[in-house]
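Work through the exercises below with the sequence and the 3D structure at hand. Each task is followed by its solution.

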Amino acid sequence: MNGAHKQSIEEQEKAKFSFSGATLYGINAVIGSGIFLLPKKIYSGLGPASLAVMFGVAVLVMLLSACLAETAGYFDKNGGAMQYSKAAFGDFVGFNVGILGWAVTVIAWAAMLAGFAKIFIITFPAFEGYNLPISIVMLVLLSLMNIAGLKTSKMFTLTATVAKLIPIVLFSLFAIFFISGGVSKGNFTPFLQLESGSNLFSAISSTAVYIFYGFIGFETMSIVAGEMRNPEKNVPRAILGSISIVSVLYMLIIAGTIAMIGGHIMQTDAPVQDAFVEMIGPIGAPLVSYGALISIAGLNIGESIMVPRFGAALADEKLLPADLGKTNSKNAPVIAIIISGAFAFLLLLSGSFESLATFSVVFRFFQYIPTALAAIKLRKMYPDKKVTFRVPFGPVIPVLAVVISILMIAGDNLMNFVWGAIGLVIASGLYFVFHGDKLAKK
């Protein structure tokens with residue numbers, strides 16, 4: 001190995017995320033627009049009792065994260081659920097999970113691009129009507145930045161994460177001191193406030209889906225594991241650490257908002273901003289508004305790193321043509337970046353933020369379920385493998401995660417299973433196109 005090549009490898013390794021950087025990356029991948037835009041939706045179905053559902057969703061996310069943390073410990077490269085499913089159940093299952101997973105991540109990125117434009121216009125009303133151009137400019141800039149190399153993207157990701165956490169952490173700290181006052185004012189009573197004409201199960205289901213939207217993205221670190229230093233050790237720790245931090249922040253933000261403005265949440269489009277104004281005065285509104293804008297910008301940066309590498313990982317595993325995984329001198333998968341950007345562009349032309357976000361949330365579960373099952377299978381396949389984290393209680397937690405995931409899919413809309421089946425048929429068809437020769441040989 002010549003000196004120049006060795007230096008290049010060392011530079012690429014330094015450009016990767018450390019444990020602390022990986023944890024910040026995980027926090028950034030989760031905290032986006034949801035916590036700022038969804039309190040009204042979260043509150044509307046159950047009132048203050050939505051906090052109990054939020055706790056339940058946080059538990060579900062921790063269960064899924066635990067499965068993800070264990071399976072991540074078996075690998076040191078990109079791929080996430082696709083990688084785990086392929087290793088545990090073979091190429092056919094891995095291919096289907098991978099193709100559907102890549103599609104979902106592209107949809108989610110398109111939703112985040114549309115969401116960025118929406119929040120940008122709320123913050124700067126003079127740009128009303130320019131939603132699509134703003135989203136497209138963001139898409140092009142992030143794609144170019146990604147092609148320029150991970151080091152550039154990493155710098156912007158970590159900077160945006162720290163910047164957006166400032167108002168979120170401030171709000172959460174203030175909320176600790178104001179919650180008791182909200183209880184005294186009666187803003188948490190009655191605790192359960194069902195909407196007229198709804199039943200408890202449907203209200204819990206719809207509220208849980210909205211809350212879960214705020215948590216999507218926690219699997220991102222496993223997809224880009226190859227961009228982390230010492231991934232077998234750091235990725236599991238960073239997954240569990242980032243989700244724990246996000247769960248606490250979310251609970252404090254929703255509880256603090258209810259404490260400050262109670263039922264007024266239903267009369268405002270900016271409940272968190274209004275609550276912060278009640279806490280610290282007029283400066284609270286712009287703090288949260290700019291924080292929301294930085295937050296979703298940072299999330300878009302994280303998505304721009306993760307989405308193409310999902311596609312490139314499929315090529316690296318020989319599930320898609322090898323050219324898709326080729327990288328430039330900056331270790332950026334250029335073709336995957338261009339293809340991901342092109343599909344995101346088409347989705348921006350065809351869907352709104354709300355429709356894209358809803359679709360991406362439910363279909364994330366079709367990634368989580370095989371990951372939970374893979375945790376059981378990989379443990380049997382590699383009984384002597386020393387992993388950083390192992391899910392306790394044997395198969396109980398993975399099975400529980402699968403059952404709750406199925407209930408979440410069904411609770412939102414039973415048609416989700418039909419759409420999932422259609423996606424599976426399309427992905428299976430693509431497998432026969434690319435790998436029919438393997439089946440013929442068998």
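Helices (at least four residues) and strands (at least two) are DSSP runs, numbered from the N terminus. The model is predicted.

**Exercise 1.** State how many helices and strands the protein chain has, and what share of its residues is buried.

Solution. The protein chain has 19 helices and 0 strands. Buried means under 20% relative accessible area. Of the 442 residues, 54% count as buried.

**Exercise 2.** Classify the aromatic pair of Phe-95 and Tyr-431, and say what the pair ties together.

Solution. A pair of aromatic rings is described by the distance of the centres and the angle of the planes. For Phe-95 and Tyr-431 the centres are 5.3 Å apart and the planes are at 70°. Planes over 60 degrees apart count as edge-to-face, so this pair is edge-to-face. Phe-95 lies in helix H7 (residues 91-123) and Tyr-431 in helix H19, so the pair ties together parts 336 residues apart in sequence. Phe-95 is buried, at 0% relative accessibility, and Tyr-431 is buried at 5%. Tyr-431 also forms an edge-to-face pair with Phe-432, with centres 6.3 Å apart and planes at 80°. Phe-432 is partly exposed, at 47%. Phe-92, Phe-95, Tyr-431, Phe-432 and Phe-434 form one aromatic cluster.

Terms used: Residues are numbered from 1 along each chain as its sequence is written. This is a predicted model: local features need pLDDT of at least 70, side-chain atom pairs count only at pLDDT 80 or more; totals for chains, interfaces and linings use all residues. Side-chain values use heavy atoms; hydrogens and water are left out. Buried means under 20% relative accessible area, exposed over 50%, partly exposed in between (1.4 Å probe, protein chains only). Rings of Phe, Tyr and Trp (its six-membered ring) pair if their centres lie within 6.5 Å; planes under 30 degrees apart count as stacked, over 60 as edge-to-face and the rest as tilted.
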